[in-house]
Amino acid sequence: MGADEIKKLLVKIKHPDLNKDIISLGMVNDVTVSDNETLVKLRTPTADRKLQINLEAQVRQAVSKQIEGKLKIKFDVDPNLSLDDSNKVPGIKRIIAVGSGKGGVGKSTVTLNLALSLASKGYKVGVMDADIYGPSIGKMIGVNGRVALKVDEDIIHPLEKYGIKIITFAFLVDENQPVVWRGPMLGKAVEQFLFQVSWGELDFLLVDLPPGTGDVQLSLCQLIDLTGAVIVTTPQKVATLDASKAAAMFAQVKVPVLGVVENMSYFIPPDMPDKKYNIFGEGGGQDLASDLKTQLLGKIPHVIDIMQGGESGNPQLLKEPGGVVEKTYKEIADKLEEEIKKWED
Ligand SMILES: Nc1ncnc2c1ncn2[C@@H]1O[C@H](COP(=O)(O)OP(=O)(O)OP(=O)(O)O)[C@@H](O)[C@H]1O
Ligand SMILES: [Mg+2]
């Protein structure tokens, strides 16, 4: 049995006091396998003998019967190791939720295109489609229905497309069946999406939340340790009113709003690309941003190609480099980057 296989066994071992496995907590320093010996090096923040004895017993039980030869377990004390019990996901620097109060304002479209834009700036980006009732990211990247998710042992491998890593509930549920999630089931699924997915190193994980501000959204925000939120709205009052409810929800769970994106701000007729029509009114995004004491990150036009790109799985942003859609998203990504730097300093 190789080192990687041993690690898969170690993923199942939990810290006795924390609800997290020793791999996620960074307590496994190294695993080496030689002819007749398997060496597991663990580390603890202090020389806590009780903890070490507990872990040693757990590791022995999980590993010794699976290997040939001897099992050696060594402990190092690493005062820099902080056993973070929060919902921080190892390897993921920032998790940003994209939310809105109203459905159909373009949250999923914005999530995906913003992810592509951040990726084009050289960031490592992942997208988690947490819209349990109407997961749509899969369709938008041209992966329909229930795809064969690669799961080995307990690790789920995200799908990779256009340079971003993607996981969606659509991969887990049957497209044609209504989904009834119960609280505990939902919690479990989200936890799995975060902690059992081999995200690797990510600079950004964007989370496409379901529309609305109900219990489901609230518990999702509590389960995930969010860096901040981006609120999507369309310009009209009915949409901004709902969007401010989303902002109130983020405030309730103490997640900072990083900015507002106004989608479908104006319509550009395909045959008259120089014309702009404010079909949904004007100024709603800016007003909302001012009310929330945050900034307007950008105004995305209503372009038929965006819709068609979403339907066909070919994001418009990639189809027309240098076009208005790509440029607008780049501006949004730039502003978001700046805003995040402020929070990180
Ligand atoms: N700027 C845009 N221009 C044209 N069409 C757009 C634009 N943004 C989104 N759309 C289209 O509007 C529809 C709704 O968008 P999307 O699915 O992203 O919204 P949503 O807020 O995620 O919806 P839901 O609440 O159902 O999750 C889709 O058909 C999408 O392609
Ligand atoms: Mg959506």
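This is a predicted model: local features need pLDDT of at least 70, side-chain atom pairs count only at pLDDT 80 or more; totals for chains, interfaces and linings use all residues.
Biologist: Okay. Which strands form the eight-strand sheet, and in what order?

Modeller: The order is β8-β9-β5-β10-β4-β11-β12-β13. The sheet is open, and its pairing is mixed.

Biologist: Which strands are at the edges?

Modeller: β8 (159-161) and β13. Each of them pairs on one side only.

Biologist: And the twist, what does it average?

Modeller: It averages 25° from one strand to the next.

Biologist: Pick a pair inside. How many bridges join β5 to β10?

Modeller: Five. Strand β5 covers residues 125-129 and strand β10 covers 202-208, and the two run parallel. As one example of a bridge, G126 is partnered with L205 in β10.

Biologist: Now the helices on that sheet. Which strands does α7 lie across?

Modeller: Helix α7 (residues 237-252) lies across β4 (92-99), β11 (228-233) and β12. Relative to β11 it runs at about 170°.

Biologist: What about α11, which strands does that helix touch?

Modeller: β4, β11, β12 and β13. Helix α11 spans residues 324-344, and its direction makes about 165° with that of β13.

Biologist: Switching to the other sheet. What is the order of its three strands?

Modeller: β1-β2-β3. This sheet is open too, with mixed pairing. β1 (28-34) and β3 (70-77) are the edge strands, each pairing on one side only. Neighbouring strands are turned by 15° against each other on average, direction ignored.

Biologist: Do β1 and β2 run parallel or antiparallel?

Modeller: Antiparallel, with six bridges between β1 and strand β2 (residues 37-44).

Biologist: Which strands do α1 and α2 lie across?

Modeller: α1 lies across β1 and β2, at about 135° to β1. α2 lies across β2 and β3, at about 150° to β2.

Biologist: So at what angle do those two helices pack?

Modeller: About 120°, with the axes 9 Å apart. Helix α1 is residues 3-10 and helix α2 is residues 49-63. They are therefore oblique to each other. α1 passes α2 in a right-handed crossing.

Biologist: Which residues meet there?

Modeller: I6, L9 and L10 from α1 meet V59, A62 and V63 from α2. By class, that contact has six nonpolar residues, no polar and no charged ones.

Biologist: Next pair. How are α7 and α8 packed?

Modeller: At an angle of about 25°, with axes 10 Å apart. Helix α8 is residues 284-291. So α7 and α8 are roughly parallel to each other. Their crossing is right-handed.

Biologist: Which residues make that contact?

Modeller: On the α7 side, K237, A239, T240, A243 and S244. On the α8 side, G284, D287, L288 and D291. The classes are three nonpolar, three polar and three charged.

Biologist: One more pair, α3 and α11. What is the angle, and how far apart are the axes?

Modeller: About 75°, and 9 Å. That makes α3 roughly perpendicular to α11.

Biologist: Which residues of α3 and α11 meet?

Modeller: N113, L114, S117 and L118 in α3 meet Y329, K330, I332 and A333 in α11. Counted by class, this contact has five nonpolar residues, two polar and one charged.

Biologist: Last topic, ligand 1. How many residues surround it, and which are the closest?

Modeller: 20 residues surround ligand 1. The closest are G103, G106, S108, T109 and G310.

Biologist: Which elements give two or more residues to that shell?

Modeller: α3 (107-120), β12 (257-267), β13 (296-302) and α9 (304-312).

Biologist: And what is the class make-up of the shell around ligand 1?

Modeller: Seven nonpolar, 11 polar and two charged residues.

Note on methods: Residues are numbered from 1 along each chain as its sequence is written. Chains are lettered from A and ligands numbered from 1 in the order in which they are written. Axes are lines fitted to C-alpha atoms, for helices over the stretch in contact, and angles run from 0 to 180 degrees between N-to-C directions. Helices (H or I, at least four residues) and strands (E, at least two) are DSSP runs, numbered from the N terminus. Angles under 35 degrees count as roughly parallel, over 145 as roughly antiparallel, 65 to 115 as roughly perpendicular and the rest as oblique. A crossing is left-handed if the near helix is turned anticlockwise from the far one by less than a right angle, and right-handed if clockwise. Two residues are in contact if their C-beta atoms, placed from the backbone, lie within 7 Å. Ala, Val, Leu, Ile, Met, Phe, Trp, Tyr, Cys and Pro count as nonpolar, Asp, Glu, Lys and Arg as charged, and the others, Gly among them, as polar. A residue is near a molecule or strand if its C-beta atom, placed from the backbone, lies within 6 Å of it. Two strands pair if DSSP finds at least two bridges between them.
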